[in-house]
Amino acid sequence: MTAAIETRPQLRIGPYQVDPAVVLAPMAGITNLAFRKLCREFGSSTSIYVCEMITARAVVERNEKTLHMMSFDADEHPRSMQLYGVDPATLGEAVRIIVGEGWADHIDLNLGCPVPKVTRLGGGAALPYKRTLFSKIVKAMVSGAEPAGVPVTVKFRIGIDDDHLTYLDAGRIAEAEGAQAVALHARTAAQRYSGQADWTAIARLKEAVTTIPVLGNGDIFSAADAVRMMDETGCDGVVVGRGCLGRPWLFAELQAALRGEALPEAPNLGRVGEVLYRHGALLAEHLGEDKAMRDLRKHMAWYLMGFPVGADLRRSFATVSSLTQLQDLIGELDPTAPFPRDAEGPRGRQGSPGKVALPHGWLDDPDDPAVPAGADLMHSGG
C-alpha cells in the first residue's frame with residue numbers, strides 16, 4: 001500500500017532537522033534506552049525519541065537511579081530528555097547541570113502528566129494554569145540551555161478540565177520565553193487517557209503560535225492517523241505515545257507514510273516474536289536479565305494483542321523470567337499467523353475521566369507565582 005500524500009516539509013527543532021517529523025513521546029517505565037533503540041531500529045535516526053520523564057530535583061541531587069534512567073545509546077542523537085518540576089530555580093539548575101555535563105541535546109518540559117501524585121503538587125498538567133509561574137519556569141530553562149545551544153520544548157494538555165483551558169496561553173507563553181517548539185496532547189487532565197483527543201485544539205494552537213513548530217499528540221494508533229492529524233490540523237509534526245506499545249515497527253510505517261512511500265507489510269506472529277526477543281535482549285543489556293524480564297512482562301499483552309495465542313501461553317509470557325524461557329515460549333507461537341487488523345486500534349491505558357487532584361487554592365489566582373509547599377520534594381525519577 002502506498003500513502004497517497006506528498007512528501008512533507010521537514011521539521012526543525014533548534015539545530016536539529018527532524019525527518020520525518022515524528023517524536024516518540026516520553027512514557028514512564030516504557031521509553032528507556034532499550035525501547036528507544038528498538039523504535040529507532042525501525043524508524044529514522046533523525047526523528048526524536050524522548051527518554052522517560054526525569055525529575056529535576058533528582059538531577060540536582062544526582063540521584064543514582066535517576067542518572068541510570070538518563071542513559072542514552074552511543075549513537076543516539078539528538079539525545080532527548082524530558083524534565084518534570086515545579087520550581088523555576090530547580091529546573092534551571094537541572095538544565096545547567098545537564099548541558100554542562102553534556103548529557104542531553106534537547107530538553108522537553110513535562111506539563112502533560114495527569115497523574116494525581118504529580119498534579120496535586122502543582123506539576124504536570126496542573127502547572128500551565130499558573131501563567132506567571134509557568135513563564136518563569138520556561139525562562140529559567142531556556143536561560144540554562146541557551147549557552148550550549150540546547151533547544152527547550154514544552155509539552156502540555158488542553159487544560160485542567162473543560163472549565164479551565166490553558167493551552168492557548170501556554171503556547172504563547174512558551175513561544176515568548178524562547179521555547180523552540182510546543183506539543184499539545186489534545187485532552188484535558190480530567191480526561192486522562194479516556195475518550196477522544198480533540199484535534200481541533202491542535203489546529204487552534206497552530207493558529208495562535210506562529211514562530212515555532214506546533215506538534216500534535218493524541219490518538220495516533222496508525223500511520224494513517226498521523227497523516228490525517230497533520231492534514232486536519234496543519235501541525236508541524238506528530239508525537240506518538242500509546243500507539244507504539246507492542247508495535248515499535250509503527251515508526252517504519254510512520255516514516256513511509258510521511259515520506260509518501262509504500263508502507264511495509266504488517267508483521268506476522270513469527271516476526272513479532274523476533275521483535276519481542278530483541279526487546280528482551282536489549283533490556284537485558286541495559287538492566288540485567290532478571291530486572292529486564294520483569295520489565296518486559298508488561299509489554300507482553302501489547303505484543304500479542306489480537307493474535308491467536310491461548311490463555312495458558314499468554315500467562316507464561318506474562319511471568320517470563322529468563323531470555324532462554326522467552327525464546328522457548330516464542331517457539332510455541334504460530335509464526336504464520338497474520339497481523340490482526342483490529343490490533344491497530346487503541347492500546348495502553350485508557351481509564352476513566354475524573355476530577356484532577358490540585359494543591360489547595362490552586363485555582364484562586366492564575367497569576368500567583370508561588371511554588372506550592374513541598375512541590376519540589378518528589379525525586380523518584382518520574
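**Figure 1. Helix α10 is mostly covered, with nine of its nine residues buried.** The model is predicted; local features need pLDDT of at least 70, side-chain atom pairs count only at pLDDT 80 or more, and totals for chains, interfaces and linings use all residues. Residues are numbered from 1 along each chain as its sequence is written, and side-chain values use heavy atoms, with hydrogens and water left out. Buried means under 20% relative accessible area, exposed over 50%, and partly exposed in between (1.4 Å probe, protein chains only). Helices (H or I, at least four residues) and strands (E, at least two) are DSSP runs, numbered from the N terminus. The buried residues of α10 are L250, F251, A252, E253, L254, Q255, A256, A257 and L258. They pack against β3 (22–24), α1 (33–42), β4 (48–49), α9 (223–233) and β12. Contact here and below means heavy atoms within 4.5 Å. G260 follows α10 and has a positive phi, near 70°.

**Figure 2. Ring pairs link W249, F307 and F339 into a cluster.** A pair of aromatic rings is described by the distance of the centres and the angle of the planes. Rings of Phe, Tyr and Trp (its six-membered ring) pair if their centres lie within 6.5 Å; planes under 30 degrees apart count as stacked, over 60 as edge-to-face and the rest as tilted. The whole structure holds three aromatic pairs. In one of them, the ring centres of W249 and F339 are 6.1 Å apart and the planes stand at 90°, so this pair is edge-to-face. The pair links distant parts of the chain, 90 residues apart: W249 is in the loop between β12 (237–240) and α10 (250–258), F339 in the segment after α15 (323–331). W249 counts as buried, because its relative accessibility is 5%. F339 is buried too, at 11% relative accessible area. F307 and F339 also form an edge-to-face pair, 5.8 Å centre to centre with 80° between the planes. F307 lies in the loop between α13 (300–303) and α14 (311–318) and F339 in the segment after α15, so this pair ties together parts 32 residues apart in sequence. Both F307 and F339 are buried.

**Figure 3. Two charged side chains sit over aromatic rings, K130 over W362 and R157 over Y193.** A charge sits over a ring if NZ of Lys or CZ of Arg is within 6 Å of the ring centre and within 35 degrees of the ring normal. The charged end of K130 is 4.9 Å from the centre of the W362 ring. R157 lies over the face of Y193, 5.0 Å from the ring centre.

**Figure 4. Helices α4 and α6 pack with their axes 8 Å apart.** Two packed helices are described by the angle between their axes and the distance between the axes. Axes are lines fitted to C-alpha atoms, for helices over the stretch in contact, and angles run from 0 to 180 degrees between N-to-C directions. Helix α4 spans residues 88–101, helix α6 residues 131–145, and the angle is about 20°. That makes α4 roughly parallel to α6. Angles under 35 degrees count as roughly parallel, over 145 as roughly antiparallel, 65 to 115 as roughly perpendicular and the rest as oblique. The contact involves P88, L91, G92, V95, R96 and V99 of α4, together with L133, K136, I137, A140, M141, G144 and A145 of α6.

**Figure 5. L111 is buried, at 0% relative accessibility.** L111 belongs to strand β7 (residues 106–111). Leaving aside neighbours within four places in sequence, L111 contacts G124, A125, L127, P128, F134, V154, K155, F156 and R157.

**Figure 6. T166 is buried, with a relative accessible area of 2%.** T166 sits in the loop between β9 (164–165) and α7 (167–176). Beyond four places in sequence, its contacts are P128, Y129, R131, R157, I158 and G159.

**Figure 7. D105 is buried, at 12% relative accessible area.** D105 is in the loop between α4 and β7. Leaving aside neighbours within four places in sequence, D105 touches Y16, H77, P78, R79, V150 and P151. D105 and D161 are 56 residues apart in sequence and 33 Å apart in space, C-alpha to C-alpha.
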